[in-house]
Structure formats: C-alpha cells, structure tokens
Amino acid sequence: MPFLISPVLTPGTLAGRPQPTLPADGGLVLRPWRAGDAPAVYEVFQDPVMHQWHARAADSVTEVGDWIQEWHRAWKGEREAHWAVADTDSDALLGRVALRELRLDDGTAEVAYWTVPAARGRGVAARATTALTQWALDEAGFHRLELLHAVRNEASCRVAGRTGFALEGTKRSAVLQPDGWHDMHLHARVRGD
C-alpha cells in the first residue's frame, strides 16, 4: 500500500555526512564524542544528582568508553545523535546534548541533556540546547522536537522554557526511575516556532 505523504527526512540525511561540530553562544561548542572523554563522563555519572534524574549508572571508564562507541554507531544508524558540550577555549567537558528517538519519516526527535556539576546554574544546558535545536530544525530538517523531564526536575523545566519548548502537558507515571515512577512534563518545539 503506497504512502500518501513523503518522508520528512530520508534515510542518509544524517549518516550520509560526518556528525557536525556546532558552535553555541557563550564560548561553547557541541562536538562529536571522543574516546578520551570517557574519564570525564564516568566522573559525572558518580554524581548523586545524575542518579536522581537518570536511570543509568557507570561502573567503569571502560563501560563509558563503550557508550561513546555506541553513540558513534547510533549516528551512523540514524537512531540517536549525541554531542559533547565543551568549552571552546579549554575543551573541558561541560555536558551533553542529544537527539534521541529519531523518527526520520516523521521528522521528529527527543532532546536530552545533562551538565557536569561545575557547569550547573551557568546556562550551559540552555545554550547547548538552543544550538542543537537550531541545527535540528533549521539545518537538518526535523519538523518537531520533544523534550521530556521529570515534573520534579525544576532545573530541566527552566531549561525547556528558556529554549522555547512549549509545555504541552504531563505524561502521568511515564518513566521508571530507581525511586519509582515519575510523571513527566512534555515540552515541544516545531519548525517555525
């Protein structure tokens, strides 16, 4: 049965080119992950705040190195796209932004982010999310980006608001975390917002 609409993004839209390095305001750069980032990511995942809002833990630098390899494979497979957020001058790791749940046919993806403890409260997540959002909607050609966070995660809610993601509602009991089921705020931006 033929489709009545064409895909928003065709296969190869991402994988057909190297993952780009994206500039962000305030001396930030979004760059593809490197094997040498594994120790810094491992340290971030030892932070109790990460355990509060993420279901994943890191047991070793080697395990994180495997994550980084998987993030590269995910780009090539057009399943996800992960960037390290770094200081432009020092290349110090400040966080991560990603597009998850890629659906090229529909032109949709989910935005995710975290920051290292020392970068929190400095606008890093908002600046990185803004740069990623502009690239995804204006250059890559996505139509809709969603952003989900636990309702109790007020910092993530502030990032969503600052970056123009409109609150669309609450997904009740939507994500299982170590402390139980969490209600999630659903925010979104569409091309043209």
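This passage walks through the fold of one protein chain, from its overall build down to a few single residues.

The structure is a predicted model, so to speak of local features a pLDDT of at least 70 is needed, side-chain atom pairs count only at pLDDT 80 or more, and totals for chains, interfaces and linings use all residues. Residues are numbered from 1 along each chain as its sequence is written, and side-chain values use heavy atoms, with hydrogens and water left out.

Let's start with the overall build. The chain has five helices and eight strands; both are DSSP runs numbered from the N terminus, with helices being H or I over at least four residues and strands being E over at least two. Read from the N terminus, the elements come in the order β-β-α-α-α-β-β-β-α-β-α-β-β. The radius of gyration is 16 Å, close to the 16 Å that the globule rule gives for 193 residues, so the chain is as compact as a globular protein of that length. Here the radius is taken over C-alpha atoms, and the rule is 2.2 Å times the number of residues to the power 0.38. Along its principal axes, the C-alpha trace spans about 50 × 35 × 35 Å.

How much of the chain is tucked away? Of the 193 residues, 45% count as buried, where buried means under 20% relative accessible area, exposed means over 50%, and partly exposed lies in between (1.4 Å probe, protein chains only). The accessible surface comes to about 10100 Å², and carbon and sulfur atoms hold 52% of that; these areas come from the Shrake-Rupley method with a 1.4 Å probe, and for residues only the protein chains shown count as cover. Among contacts with a separation of 6 or more, 59% link residues 24 or more positions apart, a contact being heavy atoms within 4.5 Å.

Next comes the sheet. Its eight strands line up as E1-E2-E3-E4-E5-E6-E8-E7 in an open sheet with mixed pairing. Strand E1 (22-24) and strand E7 (166-177) sit at the edges with a single partner strand each, so one side of each has no neighbour in the sheet. From one strand to the next, the twist averages 25°, with axes fitted as lines to C-alpha atoms (for helices over the stretch in contact) and angles running from 0 to 180 degrees between N-to-C directions. As for what holds such a sheet together, strands pair through backbone hydrogen bonds, either parallel or antiparallel. Two strands count as paired if DSSP finds at least two bridges between them.

At the E1 end, E1 and E2 are antiparallel and share three bridges, with alanine 24 opposite leucine 28 in E2. The two strands make a hairpin with three residues between them, and glycine 26 in the turn has a positive phi of about 70°. In strand E2 (residues 28-31), Leu28 and Leu30 point one way while Val29 and Arg31 point the other, and all are buried. E2 also pairs with strand E3 (residues 81-87), again antiparallel, over four bridges, and there arginine 31 faces alanine 84 in E3.

Further along, strand E4 (residues 93-103) runs antiparallel to strand E5 (residues 108-115), with seven bridges joining them. In this pair, arginine 103 stands opposite threonine 108 in E5. Is glutamate 110 buried or exposed? Glutamate 110 belongs to strand E5 and is buried, with a relative accessible area of 11%. Leaving out residues up to four places away in sequence, glutamate 110 touches Ala98, Leu99, Arg100, Glu101, Glu146 and Leu148.

Most residues other than glycine have a negative phi. Glutamate 101, in strand E4, has a positive phi near 50° and is exposed, at 52% relative accessible area. Serine 173, in strand E7, likewise has a positive phi, of about 45°, and is partly exposed at 42%.

Last up is helix H5 (residues 154-162), in which Ser156, Val159 and Ala160 are buried. These residues cover an arc of only 100° around the axis, which puts them on the same side of H5; the arc is that of the directions from the helix axis to the C-beta atoms. The cover over the buried residues of H5 includes E5, helix H4 (124-140), strand E6 (144-150) and strand E8 (180-190). On the face turned away from the buried side, H5 carries the exposed residues Glu154, Gly161 and Arg162. Just after H5, glycine 164 has a positive phi of about 85°.
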